Amino acid sequence: MKQLAVFSVLTALLMGSCTGDAVFSTNTSFSDGWSVTDTVQATLPQLDSAAAYNLFINVRNTNDYPFNNLFLIAIMEFPQGKVITDTLEYRMANPDGTWMGSGLGSVKENKLWYKQGVRFTEQGEYKLSIVHAVRNNGVVDGVERLTGITDVGISAELPQTD
């Protein structure tokens, strides 16, 4: 059964603001921007089924990125066949046009919340896939290539404990 959830995430989180213990991280680099045909994929290793994990989408952009937000389609495939599809929106720039995220100069790193408190209770491989779904206002067809997006990754962390 396929579920579709629409989330609007209004802020991108700074890299250090929500850092827990990373248990998995993968990254895909793009030399000429992120094409609509480029799918970022990850297969999670077997994780502790009793623990809750926070999942993040990590995006690195430059000043060449022409939009102030980023629309993504994220798909999580469970070992037993269940599929969850999420449509996500992330704000990438402040109202004054300055980039959100961390980093000096023209490159910013954004650690974007994907899912919080996820438990991986089914035995087997969990697969995550991400594609971009950015469109220009008033245009039906999506943007073919997102210039200024240099890297997209997926990470899983144990929540930070105080």
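## Burial and the predicted model

Buried means under 20% relative accessible area. Phe78 has 15% relative accessibility, so Phe78 counts as buried. The model is predicted.

Buried residues make up 41% of the 162 residues in the protein.

## Overall fold

The secondary structure comes to 0 helices and 11 strands. From the N terminus on, the order of elements is β-β-β-β-β-β-β-β-β-β-β.

Take the contacts between residues at least 6 apart in sequence. Of these, 79% join residues at least 24 apart. Several pairs described below link distant parts of the chain, including Phe56 with Trp113 and Arg60 with Glu109.

## Around Phe78

Where does Phe78 sit? Its place is in the loop between S6 and strand S7 (83-91). Leaving aside neighbours within four places in sequence, Phe78 is in contact with Ile84, Glu122, Glu125 and Tyr126. Phe78 and Tyr126 are 48 residues apart in sequence. Their C-alpha atoms are 5.0 Å apart in space.

Phe78 also belongs to an aromatic cluster, together with Tyr53, Phe120 and Tyr126. Lys82 lies over the face of Phe78, at 5.1 Å from the ring centre.

## Aromatic pairs

The count comes to 7 aromatic pairs. One of them is Phe56 with Trp113, a tilted pair with 4.7 Å centre to centre and 45° between the planes. This pair links distant parts of the chain: Phe56 is in strand S5, Trp113 is in strand S8, and 57 residues separate them. Are the two residues buried or partly exposed? Phe56 counts as buried because its relative accessibility is 1%. Trp113 counts as partly exposed, at 25% relative accessibility.

Tyr65 and Phe67 form an edge-to-face pair, with 5.6 Å centre to centre and 65° between the planes. Tyr65 is buried, with a relative accessible area of 2%. Phe67 is buried too, with a relative accessible area of 16%.

## Salt bridges

How many salt bridges are there? The count comes to 4. In one of them, the side chains of Arg60 and Glu109 meet at 2.9 Å, N to O. That pair links distant parts of the chain: Arg60 is in strand S5 and Glu109 in strand S8, 49 residues apart. Arg60 has 28% relative accessibility, so Arg60 counts as partly exposed. Glu109 is partly exposed as well, with a relative accessible area of 30%.

Lys115 and Asp86 meet in a salt bridge at 2.8 Å, N to O. Lys115 is in strand S8, Asp86 is in strand S7, and the two are 29 residues apart. Lys115 is buried, with a relative accessible area of 18%. Asp86 counts as buried because its relative accessibility is 1%.

## A buried bridge and a network

Glu157 forms a salt bridge with Lys111, with the closest N and O atoms 2.7 Å apart. Glu157 lies in strand S11 (residues 149-158) and Lys111 in strand S8, so the pair ties together parts that are 46 residues apart in sequence. Glu157 is buried, with a relative accessible area of 5%. Lys111 counts as buried, at 3% relative accessibility.

Salt bridges that share partners join Arg60, Glu109 and Asp151 into one network.

Asn110 lies in strand S8 (residues 108-118). With 0% relative accessibility, Asn110 counts as buried. What does the side chain of Asn110 reach? It reaches the backbone nitrogen of Gly101, at 3.4 Å.

Thr62 is found in the loop between strand S5 (53-61) and strand S6 (69-77). Thr62 is buried, with a relative accessible area of 14%. Not counting residues up to four places away in sequence, Thr62 touches Trp99, Ser106, Val107, Gly148 and Thr150.

How values were computed: Residues numbered from 1 in each chain as written. Predicted model: local features only at pLDDT ≥ 70, side-chain atom pairs only at ≥ 80, totals over all residues. Heavy atoms only, no water. Helix = DSSP H or I, 4+ residues; strand = E, 2+ residues; numbered from the N terminus. Buried < 20%, exposed > 50% of the residue type's maximum accessible area, 1.4 Å probe, protein only. Contact = heavy atoms within 4.5 Å. Polar contact = N/O pair within 3.5 Å; in protein donor to acceptor, adjacent residues only side chain to side chain. Phe/Tyr/Trp six-rings, centres within 6.5 Å; stacked < 30°, edge-to-face > 60°. Lys NZ or Arg CZ within 6 Å of the ring centre and 35° of its normal.
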